[in-house]
Amino acid sequence: MRIVIPLLRHIKKRNESSLLTQKDLDIFIEMRICQLWEEGAKELLSRVVDEAREKGCGAIQITASDMGVLLYSNFGFVKNDNFIQYKL
């Protein structure tokens, strides 16, 4: 990440001569980190699901933070009272 930040400071906004502000950079970096995290998390979840299927499991049950619930829900997990479940 230290390599990306200095490079981004030299990118200009469309139709403007000024450089991006620090706030613009912070927002961009935060969004990109979230995107990369989600891509990595989905890959990891796919591997977990595949392995659980191979071992004959009927479901995967996990607990999740409020932030994690959205990611897991997008993957196909269903929220129950105290956990999130993915039926295989």
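Visitor: In what order do the elements of the protein chain run from the N terminus on?
Guide: From the N terminus on, the order is α-α-β-α-β-β. Helices (H or I, at least four residues) and strands (E, at least two) are DSSP runs, numbered from the N terminus. This is a predicted model, where local features need pLDDT of at least 70 and side-chain atom pairs count only at pLDDT 80 or more, while totals for chains, interfaces and linings use all residues. Residues are numbered from 1 along each chain as its sequence is written, and side-chain values use heavy atoms, with hydrogens and water left out.

Visitor: How many helices and strands is that?
Guide: The protein chain has 3 helices and 3 strands.

Visitor: What is the strand order in the sheet?
Guide: The sheet is open, with the order β1-β3-β2 and antiparallel pairing. Its edge strands are β1 and β2, each of which pairs on one side only. Two strands count as paired if DSSP finds at least two bridges between them.

Visitor: How many bridges between β1 and β3?
Guide: There are 4 bridges, in the antiparallel sense. Q61 stands opposite Q85 in β3, and I60 stands opposite Y86 in β3.

Visitor: And β2 with β3?
Guide: That antiparallel pair has 2 bridges. V78 has Q85 of β3 as its bridge partner. A hairpin of 4 residues joins β2 to β3.

Visitor: Switching to α3. Which of its residues are buried?
Guide: G68, V69, L71 and Y72 are the buried residues of α3, which spans residues 66-75. Buried means under 20% relative accessible area, exposed over 50%, and partly exposed in between (1.4 Å probe, protein chains only).

Visitor: What do they pack against?
Guide: They pack against α2 (22-54), β1 (59-62), β2 (78-79) and β3 (84-87).

Visitor: What follows α3?
Guide: G76 does, with a positive phi near 125°.

Visitor: Which residues line the largest pocket?
Guide: The lining consists of I33, C34, W37, E38, M67, G68, L70 and L71. Both α2 and α3 supply at least two residues each. A pocket here is an open set of points on a 1 Å grid over the protein atoms alone, where a 1.4 Å probe fits, with protein on both sides within 12 Å along at least five of seven lines; lining residues have an atom within 4 Å of a point.

Visitor: How much space lies in that largest pocket?
Guide: About 200 Å³. Grid points are joined across faces, edges and corners, and the volume is the space filled by probe spheres set on the points.

Visitor: How many salt bridges does a search of the whole structure find?
Guide: It finds 2, a salt bridge being a side-chain nitrogen of Lys or Arg within 4 Å of a carboxyl oxygen of Asp or Glu. E43 pairs with R47, with the closest N and O atoms 3.1 Å apart. E51 pairs with K55 at 3.7 Å, N to O.

Visitor: How far apart are E43 and R47 in helix α2?
Guide: They are 4 residues apart, which means a separation of about one helical turn.

Visitor: What share of the protein chain is buried?
Guide: Buried residues make up 18% of its 88 residues.

Terms used:
Contact means heavy atoms within 4.5 Å.
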